[in-house]
Amino acid sequence: MTVIPPSEVDFIHRAAKYLENPSFMVRIADLVGVPLEGLLDLVPPRTSQAVSIALRRGLDLAVLTLPKQSAMRSESFPEMQERVWWTGYRHTAATAFTGGTAGMFGTIALCFELPITTCIMLRSMTAIAREYGEDTHAIDVRLECLSLFGIGGPSVHDDRVDASYLGVRAAMNSLVKHAAKYIAHTPAQEVVTSIKNGTAPALVKLLGKISQQFELRVSEKLMAQAVPLVGAVGGATVNVLFTEHFNAVARYHFGIRHLETRWGKATVGALYQEAAERCRGPEHRTPSRTPDFGYRGDDQFAQQTGKPR
């Protein structure tokens, strides 16, 4: 009988709690001091153009310019989490700068700020994947990082079963595989041209699927920035929350993938599904307002490492 260490089971439970709840929107509501229902009244016009530009730039980055570093290897899952805990801070600081700068100009700066922020976040998620042992040389892993913009957790008004992490991930996997196969058998310059012109069906379908969820997250980000007096400081803080939200998604996603390679996809999936069902129960319908972002608690950190944080 397979016995998974309690710390790894706890990681799966925390992943379900985060990924099955609209955590980002709740923290935005806390930040600006506006009730969740009030924020929904501030939904800006559709942001499709900015999202489309940002994702195309992100795909360019994934195909051509992401650093091709060797995967990190470790036998200890707690050691991996130790490294991952620190991964992404440099990128978060960079997006705080872009958010603060854009905050001085309001939502009109979105088309300029979002592509830059998206590319920085993509680099951060790639670094997290590497810490969990993923090979970022592989185009499918780099596209997997890009796909996390479409696995950002449900929105506050999305209660569909297929909006769950496992449901969205299953739908995304097939699109990632087809896009990776196209890129692997196509010259780089032709890929760039097809991204620009939208002429490769495999890439168009992948970007379309990602944009469905990413546009929701961007709209939620703009809701906060639409609140009067948020300004530059608020814009920087919103971007910090925005970046750390996707960093948390990457920490949990690639952590789960790593555990699947150790214990089997069926075993880990069953544990996740059980935890997710509890999260969707009436008593768990309101997300926790305690920041998580994929980190371990202080008590668990001390227990696993023998030292306080």
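This is a predicted model: local features need pLDDT of at least 70, side-chain atom pairs count only at pLDDT 80 or more; totals for chains, interfaces and linings use all residues.
Residues are numbered from 1 along each chain as its sequence is written, and side-chain values use heavy atoms, with hydrogens and water left out.

The protein contains 14 helices and zero strands, where helices (H or I, at least four residues) and strands (E, at least two) are DSSP runs numbered from the N terminus. Of the 309 residues, 55% are buried; here buried denotes under 20% relative accessible area, exposed over 50%, and partly exposed the range in between, with a 1.4 Å probe and protein chains only.

A search of the whole structure returns 11 aromatic pairs. Rings of Phe, Tyr and Trp (its six-membered ring) are paired if their centres lie within 6.5 Å, and planes under 30 degrees apart count as stacked, over 60 as edge-to-face and the rest as tilted. One of these pairs joins Phe-11 and Tyr-252 in a tilted arrangement, with 5.4 Å from centre to centre and 50° between the planes. Because Phe-11 belongs to helix α1 (residues 6-19) and Tyr-252 to helix α12 (residues 231-263), the contact ties together parts that are 241 residues apart in sequence. Phe-11 is buried at 0% relative accessibility, and Tyr-252 is likewise buried, with a relative accessible area of 0%. A stacked pair is formed by Phe-77 and Tyr-132, whose ring centres are 6.0 Å apart and whose planes lie at 25°. This pair, too, links distant parts of the chain, since Phe-77 is in helix α5 (residues 77-86) and Tyr-132 in the loop between α7 (110-131) and α8 (139-147), 55 residues apart. Phe-77 has a relative accessible area of 1% and is buried, while Tyr-132 counts as buried at 3%. Ring pairs connect Phe-11, Tyr-18, Phe-77, Tyr-132 and Tyr-252 into a cluster.

Side chains of opposite charge can pair when their charged atoms come close. The structure holds eight salt bridges, each defined as a side-chain nitrogen of Lys or Arg within 4 Å of a carboxyl oxygen of Asp or Glu. Among them, Glu-8 is bridged to Arg-262, with the closest N and O atoms 3.2 Å apart. Glu-8 lies in helix α1 and Arg-262 in helix α12, so this pair ties together parts that are 254 residues apart in sequence. Glu-8 is buried at 3% relative accessibility, whereas Arg-262, with a relative accessible area of 36%, is partly exposed. Another bridge is made by the side chains of Glu-260 and Arg-169, at 2.8 Å from N to O. Because Glu-260 is located in helix α12 and Arg-169 in helix α9 (residues 165-184), this bridge ties together parts that are 91 residues apart in sequence; both Glu-260 and Arg-169 are buried. Arg-251 is bridged to Glu-244, the closest N and O atoms being 3.3 Å apart, and Arg-251 is buried at 0% relative accessibility, as is Glu-244 at 5%. Salt bridges also link Glu-134, Glu-144 and Arg-257 in a network.

Helix α13 (residues 265-279) comprises 15 residues and spans 21 Å from its first C-alpha to its last, close to the 21 Å expected at 1.5 Å a residue, the expected span being 1.5 Å times one less than the number of residues. Its buried residues are Val-268, Gly-269, Tyr-272, Ala-275, Ala-276 and Cys-279. Viewed down the axis of α13, these buried residues fall within an arc of 130° and therefore line one face of the helix, the arc being that of the directions from the helix axis to the C-beta atoms.

Phe-105 is located in the loop between α6 (89-103) and α7, and Phe-105 counts as exposed at 57% relative accessibility.
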